[in-house]
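Hi,

Here is the model I promised to send over.

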Amino acid sequence: QKNDTKAQHAKEYILSTYPNSPYALIIKDPKSAEGANAEKNVIKNYYTETYELFTQKNYLECLNKSNDALIRFLKNDYTPKFAYLRALSEGYLYGADSLEKGLIQVTVKYSKSEVYDQAKAILDAVKKQKSSYNPNDTLNNPNNLPSTTYSYNESAQHYCLIVVNGTQDVNAVKESISDFNSQFFSTNKYDLISLPKGEKTFINIRTFKNKDDAMEYYNFLNSKPEIFKSLDKKDYQVFAISIENVAVLLKKLDVEEYKVFFNSKYIGIKQ
């Protein structure tokens with residue numbers, strides 16, 4: 001309206017009363033608005049990718065991306081949503097106790113967010129009946145927790161999984177695998193994720209197109225024993241494993257049971 005006097009007054013009021021607000025930053029540097037919008041788009045797209053993983057029941061990938069987002073991005077409008085996806089993914093992977101713990105954090109830290117009502121409803125149901133409750137996804141469709149039975153699917157995406165026993169230092173192994181990937185698989189750009197669980201650490205090398213792709217990597221990795229020189233041979237095991245079976249293994253934590261399945265279906269060793 002070209003009322004410079006009132007505009008100046010409003011400007012001074014914002015700068016003096018809310019000096020650290022986004023609006024004050026834009027007044028001080030109009031170009032910062034462009035950067036802020038660009039950052040919002042990055043976060044929005046990252047959330048969309050993460051949520052799609054959840055709807056595809058790829059709970060381990062969803063959990064990893066949710067954790068990454070909560071560390072990578074400053075507090076923003078999507079922070080509660082990432083925390084909520086993390087809680088649900090942990091519920092599917094690790095059971096009701098993990099789900100309850102994650103939802104408590106969501107309802108306490110983000111009580112004014114749009115996910116609060118959903119999180120609170122699920123949390124109340126978990127508390128009433130932990131043993132039989134199956135969490136709902138964000139579309140309010142009931143889903144079961146992961147099956148406790150391993151399935152064989154040659155065409156499914158796979159990981160190469162290294163299970164390290166006890167409190168072994170896995171950093172040296174991870175560095176060796178990273179160097180190995182850089183030397184022999186630089187164009188594949190495999191991710192390397194470690195997940196402590198109970199008395200074991202699960203090192204995931206991901207993602208392989210199918211069983212044959214994973215087994216080719218598995219065989220080549222096992223032909224390089226120097227990669228594992230920091231570990232005693234009895235303290236680690238290497239497997240190829242489908243994404244679906246990773247969720248089952250992380251829930252049951254029975255590595256010997258999966259070893260029997262792996263030897264039978266992947267190696268051809270019957271027991």
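**The sheet and what packs on it**

Strand S1 is mostly covered, with seven of its eight residues buried (buried means under 20% relative accessible area, exposed over 50%, partly exposed in between, using a 1.4 Å probe and protein chains only). Helices (H or I, at least four residues) and strands (E, at least two) are DSSP runs, numbered from the N terminus. Before you read on: this is a predicted model, where local features need pLDDT of at least 70 and side-chain atom pairs count only at pLDDT 80 or more, while totals for chains, interfaces and linings use all residues. Residues are numbered from 1 along each chain as its sequence is written, and side-chain values use heavy atoms, with hydrogens and water left out.

S1 belongs to an open sheet of four strands, ordered S2-S3-S1-S4 with antiparallel pairing (two strands pair if DSSP finds at least two bridges between them). At the edges sit S2 (191-197) and S4 (236-242), each pairing on one side only. On average, neighbouring strands are turned by 20° against each other, direction ignored. Axes here are lines fitted to C-alpha atoms, for helices over the stretch in contact, and angles run from 0 to 180 degrees between N-to-C directions.

Now the pairings themselves. S1 and S3 are antiparallel over seven bridges, and Leu-161 has Asn-204 in S3 as its bridge partner. Seven bridges also link S1 and S4, again antiparallel, with Cys-160 partnered by Ala-240 in S4. S2 is joined to S3 (residues 200-208) by seven bridges, antiparallel too, and there Lys-197 stands opposite Lys-200.

Thr-201 is worth a click. This residue lies in S3 and, at 11% relative accessibility, counts as buried. Its contacts (heavy atoms within 4.5 Å) include Ile-162, Val-164, Ser-194 and Leu-195, not counting residues up to four places away in sequence.

Which strands does H10 lie across? Helix H10 (residues 243-252) lies across S1 (158-165), S2, S3 and S4, and runs at about 130° to S4. Helix H11 (residues 255-267) packs on the sheet as well, touching S1, S3 and S4, and its direction makes about 60° with that of S4.

H10 is largely enclosed by the rest of the structure, because seven of its 10 residues are buried. Among them are Ile-243, Asn-245, Val-246 and Leu-250. Just after H10, Leu-253 takes a positive phi of about 60°.

The axes of H9 (residues 211-222) and H11 come within 12 Å and cross at roughly 105°. That makes H9 roughly perpendicular to H11 (65 to 115 degrees; under 35 is roughly parallel, over 145 roughly antiparallel, the rest oblique). Lys-211, Met-215 and Tyr-218 of H9 meet Phe-262, Lys-265, Tyr-266 and Ile-267 of H11.

As for the largest nonpolar core, 72 residues make it up, and those with the most contacts inside it are Ile-162, Tyr-217, Leu-221 and Tyr-258. (A nonpolar core is a set of buried Ala, Val, Leu, Ile, Met, Phe, Trp, Tyr and Cys residues joined through side-chain atoms within 4.5 Å.) Helix H5 (residues 79-94) gives the most to this core, with nine residues. Leaving aside neighbours within four places in sequence, Leu-221 is in contact with Cys-160, Ile-162, Phe-180, Ile-227, Phe-228 and Val-238.

Cheers
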